[in-house]
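Here is a short briefing on one protein model. Look through the sequence and the structure first, then read the points below.

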Amino acid sequence: MIQSGTTRRTLGLGAAMTLAAGLAQAAPDAASYPALMQGNGCTSCHSISEKIVGPAFQSVAQKYAGDKDAVASLMQSIQNGSRGKWGRIPMPPHANLSQAELKELATWVMTQRP
Ligand code: HEC
């Protein structure tokens with residue numbers, strides 16, 4: 001009895017891992033977000049290529065492509081929140097992020113050219 005239980009659990013885990021691998025393949029995007037972004041909930045409102053609640057990161061990179069102050073200005077938007085630039089829904093502030101973290105996030109966003 002104990003043995004068959006163990007076998008079933010092992011099979012269950014194997015199936016879950018296969019499923020996870022399948023999902024990761026279906027959404028090639030998912031693996032390429034920085035940990036900092038997943039850890040701070042950014043990906044619940046943003047994706048690389050689709051508008052969710054906030055604009056797609058590709059759209060952000062495109063909009064500020066010619067702006068040499070883009071990284072600094074995106075750091076401000078992420079830290080203090082942003083409203084009125086993309087539509088009627090505001091982005092809440094993220095006051096817990098350090099300057100280095102803000103810079104990493106803003107720089108990454110600006111590399112998401114379509
Ligand atoms: C609750 C939803 C939500 C979360 C969470 C969120 N955003 Fe946003 N984000 C928005 C919305 C909505 C906008 C558009 C705001 C506007 O119109 O000015 C936006 C705009 C932006 C912009 C463009 C700002 C500009 O100046 O044009 C960047 C960059 C951005 N978000 C990055 C992030 C990052 C990085 C995180 C995680 C630390 C994050 N967002 C978390 C909703 C969100």
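**Metal site and aromatic rings**

His-46 (NE2) and Met-91 (SD) coordinate the iron atom of the ligand at 1.9 to 2.0 Å. Donors are N, O and S atoms within 2.8 Å of the metal (3.2 Å for Na, K and Ca), and water is not among the atoms, so sites may look incomplete. This is a predicted model: local features need pLDDT of at least 70, side-chain atom pairs count only at pLDDT 80 or more, and totals for chains, interfaces and linings use all residues. Residues are numbered from 1 along each chain as its sequence is written, and side-chain values use heavy atoms, with hydrogens and water left out.

Iron site

- The site of the iron atom is octahedral, with angles of 87 to 180° among its six donor atoms (six donors count as octahedral if opposite donors are over 155 degrees apart and all others between 65 and 115).
- His-46 counts as buried at 11% relative accessibility, while Met-91 counts as partly exposed at 23% (buried means under 20% relative accessible area, exposed over 50%, partly exposed in between; 1.4 Å probe, protein chains only).

Aromatic rings

- The whole structure holds two aromatic pairs (ring centres of Phe, Tyr and Trp, the last by its six-membered ring, within 6.5 Å; planes under 30 degrees apart are stacked, over 60 edge-to-face, the rest tilted).
- Tyr-33 and Trp-108 are tilted, because their planes lie at 45°, with centres 6.0 Å apart.
- Phe-57 and Trp-108 are edge-to-face, at 5.6 Å between centres and 80° between planes.
- Tyr-33, Phe-57 and Trp-108 form one aromatic cluster.

Conventions. Tetrahedral: all angles 85-135°; square planar, octahedral: opposite > 155°, others 65-115°.
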